[in-house]
Each structure stands twice: as C-alpha cells, then as structure tokens.
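Here's a quick tour of a pocket and a helix pair. Take a look at the structure first, then read on.

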Amino acid sequence: MLTNYLKIAWRNLLKQRGLTFINIFGLALGLACCLLIMLYVADELSYDRFHTKANRIYRIGIDVKFTGVDTKMAAAADPLGPTLKQDYPQVEQFTRLHPRGAWQVKRAGTVSSIREQNVLFADSTVFDVFTLPLVAGDPKRALTQANTLVISETAARRHFGNADPMGKTLTLDNRLTFTVTGVMRDLPQNSHFKADFLATMLNDEYTWGQWLANNHYTYIVLKEGRDGVPTDPTTFAKNLDAVVDKYVGPQLMGAMGISLAKFREAGNRFRYTMTPVTDIHLHSKHINELSPGGDIQYVYIFSAVALFILLIACINFMNLATARSAKRAREVGVRKVLGSERGQLMGQFMSESVLTTVLAMALALLLVGLSLPLLNDLAAKQIQFGQLATPRWLAVLVCFPIGVGVLAGVYPAFFLSGFRPIQVLKGGLTNPVRGRLQGSNFNLRSGLVVFQFMMSVLLIIGTLVVYRQITYIQTKNLGFRRDQVLIINDTYVLDKSIDAFRQEVLRLPGVVSGSVSGFLPTPSNRSNTVFFPEGQVDQNKSVSMQNWAIDYDYAKTMGMQLVAGRDFSRSFGSDSSGIVLNETAAKFFGGVKNVLGKRVMRFDDPVQKNFRAYTVIGVIKNFHYESLREQIGAVSLVLSPNNTATSFRLQEADIPQLLRQIEAKWKKMAPGQPFTYDFMDDSFAQTFRAEERVGTLALVFAVLAILIACLGLFGLAAFTAEQRTKEIGVRKVLGASVTSLVSLLAKDFLRLVLIAILVASPLAWWAMTRWLADFAYRINLEWWVFVLAGLLAVGIALLTVSFQSIKAALMNPVKSLRSE
C-alpha cells in the first residue's frame, strides 16, 4: 500500500511541475534557513559545555554599588579563591586566571618577537577545574613551579615549528623567561576565554592580599554529594556574604575608616555573585569579561525567526495544497465511489506531503552546505557541516521532514479527503480557491496569508530599526574624533626611546600630533579609582571614576574639547599635580562652572592611608569610552607615564606610504619587535560588531522569509487566475479593461497584506522598543519606519500577484470560453 501511495504521489508531483517546484523550493529554502539558524543557536548554547565538570563550575564576580554607581565585575579579589577552598568544605577546587594584556614572546636564541594576545597567568589547579587536555606534559605538575608555562598546539607550531617544545624556553617582554612544561590542545571556539599561553601564577607580578582590588577571574568547583547531586549553588551563595563581612569589611575600615554597616546604611552595596560557567557567554551582564560574550536575547530572536520562516514555508504548502483541490476533487469523488475510505485518502495525501518534504530536505541540506561558509563569515563562527552527522542532528534530519510533512499536510489531507462524492461529481465544488463551498476555507487560507505577511512585516521593521541604530552608533558625535587616528601597540618595548620615537614620527609629513598613553576611548586600559574632596574621606562625598594616565598632547590627538579651564601644558610646571575632569565627574564636585581650582584626592596606598591630591585645571566635554549601551561615567585625566600604546593623528594623505615610513622608524628603534597597529575607528567598530552581525543576519533572513512568502503568494495567484479564467474571458468580452481585471485579481491579496501590516505594526513597536531599551543612547521609533515597511510589503505583494494577474488579463477570451 505504501509503495502504491508513493508511486501515485510521485506521478502527481510530476503532473504539475511548476507548483511542485514552488512547493519543494519554498520548503527547502525554509528548512535550510531553519537549519542554519538552529546550527547558530546550538553553537551559542554550547559554550563551555565541553568541560567535564561544567555543571559544577561557577565564576565568582562582584556586584558593587558605590556613590550611586552600580557595577558588576567579572573579576574578584585575589585571596577569594584560596579562602573559599580553605573555609568551605563544599568547594572541591578553585583556580584563578589573570590576563595581563598582550606580550612580546620570543624563543631563546632568536631576535624577533611575536605579539601574543591570549596570555593568562593561572593557578596550577586550572587543569583540575577546566578540561584542558595536554598532549605533552603532566597536568598535575605543569604549573606548580615558578617560571613554568603551558602553551597551545597552535602556539607551539608558531614558535617551535615541528620541533618538540617541551623543556625549551620562551621570553616574555624581554624580562620573564619561562620553561615550557606542557602543550595543551587548542581551546574550542565555544569557550568564554581564549588561551594560547598559561603562565604559572607564581610569576604574576602583583600586590597580593588585596580584598578591595578585583583583578583575578576566580572559578570554583562545587563538590558532588554522595548521591551524585552537586552542592546547591543557591545555598552555597549565602556563604559569600559572610566572606564579605569577615575579609572585605576590615580592609574597608582600614582604607576609609567606615564599617560595612555604615557603608550599607549609606545605600552602598558590596557582594559576591556566582555565575555558572555555562551561562557566562550568553547571560553575563558583568563588565571586563575575558572575551566578548553573546546575548541570550539574540538567541531568542533568531529562534523565533527560524520558527517564523518554517511556519511561512509550511503555510505555503498548506495553501497551495488546498488551492489545488479543484484539480483533485473529481479524483477524490471517483475514489470514494469505488470504495476508498477516508483514512486511505488521507494516507495518500499525507504520503505526497511527506515525499515533498523529504525532497525539500535533501535540497535544503545542499543549500546549507553551500551557505555555511557565508554564515560563518557573517556570524564569526566555525560551524562545520560535519556537525550534522552526530546522532542528535541525524535524528533531527530524519524526524524533521516527517514532522514538517505531517504538520504541513494534515490540514490539506483532512480538507481533500472530506469532499462528498455526489457534490464533487455534480460540480458542487465551484471555487475552492476562494473557498465559497461552505464558506470556511476562505477564512482559514486568508488567515494563513495574513500570518505569513505579518511575520514578514515584523522582520522588515526589525531589520530597519537595527540598521538605523547601527547607523546612529556609527555617526554619533562621541566627544572625540576617531577618524584618522593610528594606534601603535606595545610601545613599552621602546622603553626610554619612546619619546624619541614619537618625535621622529611627528617629523613625517601627514602626522599632526602624537600621544603616549594606553588609556583610549576605544577598548583599551581601564582604571577605576575613588576620589574625595581634599581632606574629606567621606563615603557620601566620594566619587568612583575612571582615572587615566595621559600626556600633554592627549586631548589634541584624540580631538577632545575643553568646556572650561585649560588643558595640560608644558608651560606650567605644576601640572604634574593637576587633573582634568569630564562633565560627569565635574557635577560631583560642584559643577562645570565651580569645579576649577578645587582640590581632590585619591588613595595612593589604601592600606597605609597615603593620599595624592590634585588641583582641577580643566573640564573636557563628555566622551563615550564604553558601549553606547552604557551612560557616560565619570573620568579623570592626570599627567602620568603609561607607554603601552602611542597614538598619532594623521592628515588625509597616502596612508600606506606613511605606514611604511613609520614601520621603518620602528624597526630602527625596536629591532626584532613586531610592528602592530590599529586604526581607532576600526577599534571602535569592534565594540558594536555583535550588533552589526545581528543586523546583517536579520537582513538576510528577512529577505529569505519574504521570498518564501512571495513564492506561496505567486502560486496562489496562479491558481486564482486559473480558476477564474472563464470569468475573466466573459468580463473581457463585455468590455472590461486589463487594468480593471488586474485590480480584480489583486485586490483580495492586497487586502490581506494590509491586514497583516495593521497586526504586525504594534507587535513590532513593542519588540523593538524592548530591544532599544538596552541602549542608553538610541534612536526614536519614527512613524515613517512602519509606513516604509508597509509600503515595501504592499509593493512586494503587488509585484508578485501582478505578474499572474496581467498574464491572465491578457489571455485571449476565445481560448478560455471555447469549452463553454
């Protein structure tokens, strides 16, 4: 019986090749989009799940509210990990990671260095917490001694080629020499931190024991109970308040002379947080993450888009299948007269549906294979087509076409198998496309078309809003000029020659100014410090702000504007004790007009209670130094050496030639050191790379969703025109114009599209308002966005329907009426 069903199904598919193509291609496109999005979502959800103890690993961060500023940091105090392991038996193990920026690394006996960014100091217990398999070395002893280092396989090839790196030495920044004691497999792409070098924490140059300094990323593993159930993290988290009271409180008292009770009474807050390692990538809202994270909101959005596209494709199938009922009505009538039962007829129609979806799935897999490189490029992923060969994905690939075939074919099967043979054979099914028989089919099919275009309009509006927000970010006045600024990295290797290098570059034509500082408005160094009015160590008068070490030419090079006072000048010898505040910081000390000349101070050493005082000499206009999701915080600028980077403002010139000249001077003054640079506008763009990728992906999937919807509309329009061929012929004989006939055929569809626009607009407004709420600086939702989306939807639908309508209107009426 099944073989017979499939033979008949295959014949019916071949009988109407045009509609079969629309059905299969539309479903294949929908399935391919759905699979691609599912692969993307699965990759996002897979972060850090490769660790054997993933369900028991937690990162301890801090949640602080001080001087009215809320801050959640991913790092914590250096003594926290050892203390938790010592004081609480529920903690099986701990480890800490401490990033120290980029390092210049070279092999012993060589002159040239290689710039390495993924360098972390780590406790020897890192291999007990995380699953980091070693291909060489013993994980139990690899980092237990000073001057030891574990490197990745990629780093080993980069520095040693095919030679065995074990026991060989690497020098970091020409001052720290390490012996390679292990080689680990490269970390998977779906890890929340990247590491090519793990250096022993024993060599981390740090002032240890500071409970008020939070620079170490601390992870703990909770023990399993006797029944194999991990320790409840919610219950354990309650112990962290006691840690704050016991260890943080005394240092707070020593530094500021206030107790935790008084600290909290003033509305301040200090507490530790626990984040499951598998939640870090998508759920963390902490600052200073080890690497840029994702956003669970986008996972939800793309999951909804995948569902929408799949539903659009299924609706196409259902609409076209029921629309073809006139062609199949007499077949159903004859089969019923000859004794076929409704179940057999349903089996026949369902087999056609499943066969169609199986063929569509085969084509979809081909499309996925062809499109995956593009998706990886757009989303910065490394998804492999081979991932579909896993048992879980194979089960999806088998069940998916069957499930979709049943879902898409169940209504047509019920509808077609329910025809009454007497009515059908007497011609009772007069116009199944418009559903005039019993009046119910029209309502359902119309609702499905409305639903299709409602989702398409939602995607159009969402894409327009995302692109407008991205454009706003790219063109907004940030308070500094990011164009034509060259940032040369790691200039600390020049040591005492750094100013000579700056002067040499300034002599080149096309170089306007230069500044030596690693503190930049784009992602770079950050240093949060608490300031007080001079002589008043009072938490109610304290201000938590960024404190950046700069030089005399910083503001000029960055293109920042003074709103009061003056900038640092070599003409004033007292400027070494001067400070420049931004407008936000000035408000805390009396406002822009009153802050000049005031004295502020900060701790030089909180333990010894040593202070350093400054005189406010100027106020600069607020500038953005974090994502536009955040409000502009307080910033202070002081004259102090920081040589991690040097920036140059360039004129419109031959940039490639200028770069070659600067590189030549670098090689002369820093032989063997790599010359690496960035442009400030590129660094700024990286801050919003995630939004750009989402916008691009949204555009691609919106276009595909509209294309799929139009395929279905095209097929329905073709059937409408076919069913009304004789009506059109009669109207033409009676004098109807082509325009009136096109309007007659198109108006029903356009009415449905207009209803879809009315339904989609408030839903889109609600969804995009919530998305924009994450940005402190954002566009307004303008009315014209919704009008434009509606006009696009109407225009696309009109173009789709008009082709078939014009074709039918131009048909010779003699041919259509010949059989009458």
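## Who lines the pocket

H10 is the top contributor to the lining of the second largest pocket, giving eight residues. At least two residues each come from H10 (296-323), H15 (440-475), H21 (689-723) and H23 (738-772); helices here are DSSP runs of H or I with at least four residues, numbered from the N terminus. This is a predicted model, where local features need pLDDT of at least 70 and side-chain atom pairs pLDDT 80 or more, while totals for chains, interfaces and linings use all residues. Residues are numbered from 1 along each chain as its sequence is written, and side-chain values use heavy atoms, with hydrogens and water left out.

## What the pocket is like

In total, 23 residues line the second largest pocket, and Ile301, Ala304, Phe308, Ala767 and Met768 sit nearest its centre. (A pocket is an open set of points on a 1 Å grid over the protein atoms alone, where a 1.4 Å probe fits, with protein on both sides within 12 Å along at least five of seven lines; lining residues have an atom within 4 Å of a point.) The lining splits into 19 nonpolar, three polar and one charged, with Ala, Val, Leu, Ile, Met, Phe, Trp, Tyr, Cys and Pro counted as nonpolar, Asp, Glu, Lys and Arg as charged, and the others, Gly among them, as polar.

## A helix pair

H16 (residues 498-506) packs with H19 (residues 655-669) at about 155 degrees, their axes 10 Å apart; axes are lines fitted to C-alpha atoms over the stretch in contact, and angles run from 0 to 180 degrees between N-to-C directions. So H16 is roughly antiparallel to H19 (angles over 145 degrees count as that).

Key:
Parallel < 35°, antiparallel > 145°, perpendicular 65-115°, else oblique.
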